[in-house]
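Reader: Could we go through this structure together, beginning with a charged residue and then turning to the nonpolar interior?

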Amino acid sequence: EINMMNLWTENEEDLREETREQSTSVNKSGVYNCTIEEALIISGKNGSQSKGLKLVLKTDEEQYFYPVEFFIKADGTENEYARKKLNKLTYLCKLKNKDLVPVESPNKVFIPALADKKIGVIVEVSLNGEYLRYNIIGYYDIKSKKTADEIQNKKNPEIYERFRKKFESAAPIEKPNNNHTEENTEEKNEDLPEELPF
């Protein structure tokens with residue numbers, strides 16, 4: 001007896017959706033206008049006291065990347081280098097630290113205040129074993145193309161341009177074998193050595 005229900009839902013909209021590749025990971029260094037889809041707090045494993053902010057960033061071209069900034073080091077002390085960048089991120093998102101209230105769900109800790117914010121990101125992409133690593137050099141305001149320090153110090157926007165030119169001809173980073181799912185690419189970031197050489 002074959003059930004005469006539809007196998008799936010008919011939907012006119014589906015017919016109009018552009019045919020293109022599935023969303024991919026950002027694989028070259030550059031300057032990207034992004035939307036923060038999610039901001040997560042991740043904690044170190046195996047007795048490490050480290051804490052990091054992990055961003056799920058979607059570029060205007062619908063590519064994704066997942067940088068992590070460890071603002072607390074493995075020994076529990078503040079990572080000044082990450083703190084400076086994160087304070088600039090918060091400022092450019094027009095938020096104060098008190099707005100960044102973490103919410104716990106059964107499988108993750110996220111910060112709703114950062115979700116859906118638009119932010120410009122200068123990122124250097126490298127290979128860590130067989131996984132892409134995203135090192136954020138800085139953030140900029142998408143409209144003015146100014147970084148936080150340029151806004152604060154009333155300077156002209158030069159940093160964005162400098163990195164745009166610098167990374168213009170950056171080669172895409174090829175992963176050694178491409179049978180890894182996006183999930184893998186992302187999860188591995190949490191196992192990065194916390195003690196990055198700053």
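**A buried glutamate**

Author: The side chain of Glu150 reaches the backbone nitrogen of Glu158 at 2.8 Å. This is a predicted model, in which local features need pLDDT of at least 70, side-chain atom pairs count only at pLDDT 80 or more, and totals for chains, interfaces and linings use all residues. Residues are numbered from 1 along each chain as its sequence is written, and side-chain values use heavy atoms, leaving out hydrogens and water.

Reader: Where is Glu150 found?

Author: Glu150 belongs to helix α3, residues 148-152 (helices are DSSP runs of H or I, at least four residues; strands are runs of E, at least two; both are numbered from the N terminus).

Reader: Which side chain of opposite charge is nearest to Glu150?

Author: That is Arg162, 6.2 Å away.

Reader: Turning to the core, which residues touch the most other members?

Author: In the largest nonpolar core, of 26 residues, they are Ile36, Leu53, Phe65, Leu89, Ile119 and Val121. Such a core is a set of buried Ala, Val, Leu, Ile, Met, Phe, Trp, Tyr and Cys residues joined through side-chain atoms within 4.5 Å. The largest share of this core, 5 residues, comes from β1.

Reader: And how many disulfides does the structure hold?

Author: The structure holds 0 disulfides (pairs of cysteine sulfur atoms within 2.5 Å). Cys34 is buried, with a relative accessible area of 0%, and Cys93 is buried at 3%.

Definitions and conventions. Buried means under 20% relative accessible area, exposed over 50%, partly exposed in between (1.4 Å probe, protein chains only). Lys and Arg count as positive and Asp and Glu as negative; His and the chain ends are not counted. A salt bridge is a side-chain nitrogen of Lys or Arg within 4 Å of a carboxyl oxygen of Asp or Glu. A polar contact is a pair of N or O atoms within 3.5 Å; within protein, one must be able to donate a hydrogen and the other to accept it, and residues adjacent in sequence count only if both atoms are side-chain atoms.
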